[in-house]
Amino acid sequence: MEDNQSETPDNQATSEHVNFENRIDLKPLQDHVEKIKKEIGKIIVGQNDMIELLIISILSNGHTLIEGVPGVAKTVTAKLLAKTLNVDFSRIQFTPDLMPSDILGTSIFNVKTNDFEYKKGPIFSNIILIDEINRAPAKTQAALFEVMAERQITIDNNKFIMEAPFLVFATQNPIEQEGTYRLPEAQLDRFLFKIDVDYPSLEDEVQILVDNHKREDKLDYSTINAVLNAADITKYQSLIKQILVEDDLLHYIASIVNNTRANANLYLGASPRASIAILNAAKANAAINGRDFVTPDDIKRCTKAVLKHRLVLTPEREMEAFTVEKVIDQILETIEIPR
């Protein structure tokens, strides 16, 4: 009789946890993510971490910088991901002679109307792939500041709002520095993630050769099917915002970022924009794993990709061949994980 009248604390907690898990239906989102991975997997072998982080960046509505040596499928993967989305796609090859008007567009005088008309540039798209972003000079790089941060362009006192979704994927080569222009911190801070792409494993490279031989060294993008449209992406981006985050996890994120500002190994720490980036990315990571609540593992999963391009080592640490990744690992080991 007493059992029917009241629940023990453990039973009550279990009951609440079951209801809590079923608060948001994430199955459609998970299914779509798996389909995207399957479509990209038709051509790309391995690089699972890069693909997953790119998907997280889309769900988080954030831009991504992809860094790796030539030939590790940075550009191809970004193009394939764009193919799985039924949205407009634009690719811009950055070169030293590229001007801001080549990206944003320019006003052209129309003789028939006796007036200037604005001709939109390739930045007016949904998914923009910028190849070798550090090849263009500072003036051209600066043309991206407003559109990446505010998703709008102001030209000749006219404001143009970019259609959602608006996401920039940019690639760069970390080795070759001749004829390149280093991205300023203000530009780097506008990227949600920086993804480092490494060489494939031996097994993956063997499979790459097998696949390449079978398709006779041809890439057939027509085999890639679109999985999501613009409305789907917007819907899932809104769904991500509903993922639950406990107060102690918010404090955990803030503590990680705050530590970068007082860290003896760092000359420059991360801004509050980094805290928000970790929060949004952790929500997306939780969602694609079927959870409508964030765990410390979600935060740790995304922290390195969010922070490593925002932190600057002290000159002494650089001379000692220390790395930003080591500093982030030390910070994550130092900050107490919420229980």
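Guide: Residues are numbered from 1 along each chain as its sequence is written, and side-chain values use heavy atoms, without hydrogens or water. As the model is predicted, local features need pLDDT of at least 70 and side-chain atom pairs count only at pLDDT 80 or more, while totals for chains, interfaces and linings use all residues.

Visitor: What is a cavity, and how many of 30 Å³ or more does the structure hold?

Guide: Rolling a probe the size of a water molecule over the atoms shows where empty space is left. On a 1 Å grid over the protein atoms alone, a cavity is a set of points where a 1.4 Å probe fits but cannot get out; a pocket is an open set with protein on both sides within 12 Å along at least five of seven lines, and lining residues have an atom within 4 Å of a point. Points are joined across faces, edges and corners, and a volume is the space filled by probe spheres set on them. Here there is one cavity of 30 Å³ or more.

Visitor: Which elements give two or more residues to the lining of the largest cavity?

Guide: Those are helices H3 (27–40), H4 (48–59) and H11 (230–240), where helices (H or I, at least four residues) and strands (E, at least two) are DSSP runs numbered from the N terminus. H3 gives the most, with four residues. The lining includes Leu 29, His 32, Ile 58 and Tyr 236. By class it has 10 nonpolar, one polar and no charged residues; Ala, Val, Leu, Ile, Met, Phe, Trp, Tyr, Cys and Pro count as nonpolar, Asp, Glu, Lys and Arg as charged, and the others, Gly among them, as polar.

Visitor: And what does the largest pocket look like by volume and class?

Guide: The largest pocket has a volume of about 600 Å³. Of its 25 lining residues, Glu 67, Gln 172, Arg 182, Leu 188 and Lys 194 are the closest to its centre. The lining has 10 nonpolar, seven polar and eight charged residues. Strand S13 and helix H16 are among the elements giving two or more residues to this lining.

Visitor: Where do the buried residues of H16 fall, seen down its axis?

Guide: Burial is read from relative accessible area: buried is under 20%, exposed over 50%, partly exposed in between (1.4 Å probe, protein chains only). In H16 (residues 324–334), Val 324, Val 327, Ile 328, Ile 331 and Leu 332 are buried. They fall within an arc of 135°, so they line one face of the helix; the arc is that of the directions from the helix axis to the C-beta atoms. Exposed Glu 333 and Thr 334 sit on the face turned away from the buried side. Helix H14 and S13 are among the elements covering the buried residues.

Visitor: Is Arg 310 buried or exposed?

Guide: Arg 310 counts as buried, because its relative accessibility is 7%. Arg 310 lies in the loop between H14 (296–307) and S13 (312–313). Its side chain reaches the backbone oxygen of Val 306 at 2.6 Å and makes a polar contact with the side chain of His 309 (3.4 Å). A polar contact is a pair of N or O atoms within 3.5 Å; within protein, one must be able to donate a hydrogen and the other to accept it, and residues adjacent in sequence count only if both atoms are side-chain atoms.

Definitions and conventions:
Contact = heavy atoms within 4.5 Å.
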